[in-house]
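Please look over the protein below before reading the notes. They cover its core, its surface and its strands.

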Amino acid sequence: MRLHNLKPQPGAKHRRKRVGCGESSGHGKTSGRGNKGQKARSGGAIRPGFEGGQMPLHRRLPKKGFNNTQFRDTTETVNVGDLDGRFDDGAVVNEQTLRDVGLVNRRCDVVKILGDGVVERKLTVQVDKISASAKEKIEKAGGTVTLTA
């Protein structure tokens with residue numbers, strides 16, 4: 001058996017439907033779209049869930065259950081590698097100073113420091129949460145970590 005002898009299984013390949021190639025193609029004139037109407041037009045798609053003007057199922061059924069997303073705490077994360085380039089030796093790192101340097105800019109309930117990167121400066125970190133690896137790196141560089149929350 002050679003590569004030039006390989007063929008797909010019988011019935012595995014189908015001819016492409018050649019639409020709009022005349023009556024003799026079997027898909028001529030209306031090209032399989034029927035006669036007139038919204039679905040016969042170009043761009044005439046009906047959005048998912050539309051029921052022809054009838055009140056759709058997702059609005060007919062009652063709302064049920066509880067969704068906690070509006071009450072959850074939003075967390076902003078900062079890596080220790082980002083702190084090293086933006087703060088001087090002996091600086092205090094808290095939510096306000098992180099906002100001042102642009103590392104935190106969205107509305108958030110919790111600021112968490114993660115351990116990606118290298119820190120070589122002595123920093124005083126005061127945040128809500130910190131990962132174990134980040135705490136270890138900061139303390140190894142001679143800094144201190146205080147949890148505020």
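Leaving aside its neighbours within four places in sequence, which residues is I113 in contact with (heavy atoms within 4.5 Å)? They are V78, V80, L83, L98, V125, V127, K129, I130, S131 and A134. This is a predicted model, in which local features need pLDDT of at least 70, side-chain atom pairs count only at pLDDT 80 or more, and totals for chains, interfaces and linings use all residues. Residues are numbered from 1 along each chain as its sequence is written, and side-chain values use heavy atoms, leaving out hydrogens and water.

**Core**
- The largest nonpolar core has 20 residues; such a core is a set of buried Ala, Val, Leu, Ile, Met, Phe, Trp, Tyr and Cys residues joined through side-chain atoms within 4.5 Å.
- Buried means under 20% relative accessible area, exposed over 50%, and partly exposed in between (1.4 Å probe, protein chains only).
- L83, F87, L98, I113 and L123 touch the most other members.
- Two or more core residues come from each of α2 (80–86), β3 (110–114), β4 (124–127) and α4 (132–140).
- Helices (H or I, at least four residues) and strands (E, at least two) are DSSP runs, numbered from the N terminus.

**Start of the chain**
- M1 is found in the segment before α1 (57–60).
- M1 counts as exposed because its relative accessibility is 87%.

**Sheet**
- Three strands form an open sheet in the order β2-β4-β6, with parallel pairing; two strands pair if DSSP finds at least two bridges between them.
- β2 (92–93) and β6 (144–147) are the edge strands, each pairing on one side only.
- Four bridges join β4 and β6 in the parallel sense.
- Q126 stands opposite T146 in β6.

Key: Contact means heavy atoms within 4.5 Å.
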